[in-house]
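Please read these notes with the model open beside you.

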Amino acid sequence: MTRHLPDRVLGTAAALILLALTGCAAQRAYEDGEALLRQGRGAEALTKFEEAGRTEPGTATYRLATVRTREALIRAQVEQADAALSSGQIDNAEAGYRQALTWNGADARALDGLQRVERARRLARWQAEAAEAAQREPE
């Protein structure tokens with residue numbers, strides 16, 4: 001006569017194995033994110049931290065890594081866009097602010113940057129129109 005484990009025991013064992021595997025996957029994603037961050041590959045690291053957080057949503061370490069990495073990416077992107085705008089590279093500045101908004105669509109710094117881009121474009125257009133008008137004026 002063969003002994004069979006009760007379904008409840010098998011179910012519990014399966015749940016424990018799944019929990020262990022899930023924990024391993026989350027930890028692995030987190031460690032991959034840390035390695036990518038050390039290599040200066042912040043956007044890829046963010047993806048890994050987000051993966052770890054989705055796998056184990058209750059783990060504060062994964063949430064904190066996600067928030068810190070996202071904030072660092074946004075800050076660096078906005079600073080680059082600000083520098084581009086200051087040097088008259090309006091299109092590059094706009095692209096930078098829009099990239100920052102992909103990480104946080106409500107980031108005040110990036111939204112403000114887009115407003116400054118529009119003002120810079122308006123100013124450039126007015127200056128071009130004024131220069132054109134000045135050339136048409138008879139001397």
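1. First, a term. A residue is called buried when its relative accessible area is under 20%.

2. The mean pLDDT of the protein chain is 88. Of its residues, 82% reach 70 or more. Among the elements, H4 has the highest mean pLDDT, 98. Helix H1 (residues 7–38) has the lowest, 72. Where pLDDT is low, the predicted coordinates should not be read in detail.

3. Check the length of H4. It has 14 residues, and at 1.5 Å a residue they should span 20 Å. The end C-alpha atoms are 21 Å apart, so the two values agree.

4. Now the largest nonpolar core. It has 16 residues. Those with the most contacts inside it are Val-78, Leu-85, Ala-93, Tyr-97, Ala-110 and Val-117. Helix H3 (60–86), H4 and H5 each supply at least two residues of this core.

5. Look at Tyr-97 next. What does Tyr-97 touch, not counting residues up to four places away in sequence? The list is Val-78, Ala-81, Asp-82, Leu-85, Ala-110, Gly-113, Leu-114, Arg-116 and Val-117.

6. Is Asp-107 buried or exposed? Its relative accessibility is 6%, so Asp-107 counts as buried. Asp-107 sits in the loop between helix H4 (90–103) and helix H5 (108–136). A polar atom of its side chain lies 3.0 Å from the backbone nitrogen of Ala-110. Leaving aside neighbours within four places in sequence, Asp-107 is in contact with Ile-74, Val-78 and Leu-101.

7. Gln-77 belongs to helix H3. Why does Gln-77 count as buried? Its relative accessibility is 17%, and the cut-off for buried is under 20%. Not counting residues up to four places away in sequence, Gln-77 touches Gly-96, Gln-99, Ala-100 and Trp-103.

8. Leu-46 is part of helix H2. At 3% relative accessibility, Leu-46 is buried too. Its contacts, with neighbours within four places in sequence left aside, are Thr-66, Thr-69, Arg-70, Leu-73 and Trp-103. Leu-46 and Trp-103 are 57 residues apart along the chain. Their C-alpha atoms are separated by 9.5 Å.

9. Finally, the aromatic rings. How many aromatic pairs does a search of the whole structure find? There are two. Tyr-30 and Phe-49 form a tilted pair, 5.5 Å centre to centre with 45° between the planes. This pair links helix H1, which holds Tyr-30, to helix H2, which holds Phe-49. The two residues are 19 residues apart, and both are buried.

10. Tyr-30 also forms a tilted pair with Tyr-62, 5.3 Å centre to centre with 40° between the planes. Here Tyr-30 in helix H1 is linked to Tyr-62 in helix H3, 32 residues apart. Both Tyr-30 and Tyr-62 are buried. Together, Tyr-30, Phe-49 and Tyr-62 form one aromatic cluster.

How values were computed. Residues numbered from 1 in each chain as written. Predicted model: local features only at pLDDT ≥ 70, side-chain atom pairs only at ≥ 80, totals over all residues. Heavy atoms only, no water. Helix = DSSP H or I, 4+ residues; strand = E, 2+ residues; numbered from the N terminus. Buried < 20%, exposed > 50% of the residue type's maximum accessible area, 1.4 Å probe, protein only. Polar contact = N/O pair within 3.5 Å; in protein donor to acceptor, adjacent residues only side chain to side chain. Contact = heavy atoms within 4.5 Å. Core = buried A, V, L, I, M, F, W, Y, C linked by side-chain atoms within 4.5 Å. Expected span 1.5 Å × (residues − 1). pLDDT = per-residue confidence, 0-100. Phe/Tyr/Trp six-rings, centres within 6.5 Å; stacked < 30°, edge-to-face > 60°.
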